[in-house]
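This report starts with one residue and then turns to the whole chain.

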Amino acid sequence: SVGFSSLDYGNIQEALVKGRGTSSDTRTGGTFGGGDIMVGLSYAREFSDQLAIGVTGKYIREKLFTYSSDAFAFDVGTYYNTGFKGIRFGMSFQNFGETVKFLEQGAREEGYDLPLVFRLGASLDLIREEEGFIALGPEHRVVLSFEALNTNDYGERYHVGAEYSFMDFIHLRGGYRFNYAEGNLAFGVGVQKQLSAFHVAVDYSFVSYEFLESPHRVTLTVAF
């Protein structure tokens, strides 16, 4: 598969390090912009009904004011289904690549390393007919999940979540993130339905923030 994403910073007010004369206002009245572009090519293969491995190669371009930089990176991930009580494991490494360099003038060099991300997750079917730890009939299902996240620019973070499904139609979700300054608690709801040759799903989520405005997200998915 091929993926593409972009981000436009919009117009940013230009300012000097020091104000002109005795003025404390460092703004010049001008603006500048910037943005990011990422193009990725992914390939995945199922080696069995339990094991799958995928890899993504990415081209990244960043621009800010008159400076720009290009970099190549790749991600790799694996998924394993134990076949016991719905216990599944996933692992991924993201952003293996070169250093992003914005400025190279003689001995002066400015840039940064791409945020290397390592994820390790697991989930299980707490309630599910026959395959779960608890059987309450085919209309009920509860999935519990856990994820540990480590990056080269932050400490370890942890995510826990749960989803309850009724008749595989309505889904209630909740989760909590540890070691974050904001956006720890989240919940959501979703519905899905097979309509002729189309699989349609609508999802809503809310993340609680204390200092920033709490976002509401609505997603519409149509698969065929």
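## A residue and its surroundings

Not counting residues up to four places away in sequence, Val100 touches Glu62, Ser69, Ala71, Glu110, Gly111, Tyr112 and Leu114, where a contact means heavy atoms within 4.5 Å. The model is predicted, so local features need pLDDT of at least 70 and side-chain atom pairs count only at pLDDT 80 or more, while totals for chains, interfaces and linings use all residues. Residues are numbered from 1 along each chain as its sequence is written, and side-chain values use heavy atoms, with hydrogens and water left out.

Val100 counts as buried because its relative accessibility is 3%; buried means under 20% relative accessible area, exposed over 50%, and partly exposed in between, with a 1.4 Å probe and protein chains only. Asp70 is 30 residues away from Val100 along the chain, and their C-alpha atoms are separated by 6.9 Å. Val100 belongs to strand E8.

Two strands mark the ends of the confidence range among the elements. The score used is pLDDT, the predictor's confidence in each residue, from 0 to 100.

| Strand | Residues | Mean pLDDT |
|---|---|---|
| E8 (lowest) | 100-105 | 69 |
| E13 (highest) | 170-178 | 97 |

Where pLDDT is low, the predicted coordinates should not be read in detail. For the protein, the mean pLDDT is 89, and 93% of the residues reach 70 or more.

The protein has 16 strands and zero helices; strands (E, at least two residues) and helices (H or I, at least four) are DSSP runs, numbered from the N terminus. Of its 224 residues, 21% count as buried. The C-alpha atoms fill a box of roughly 75 × 40 × 40 Å along the principal axes.
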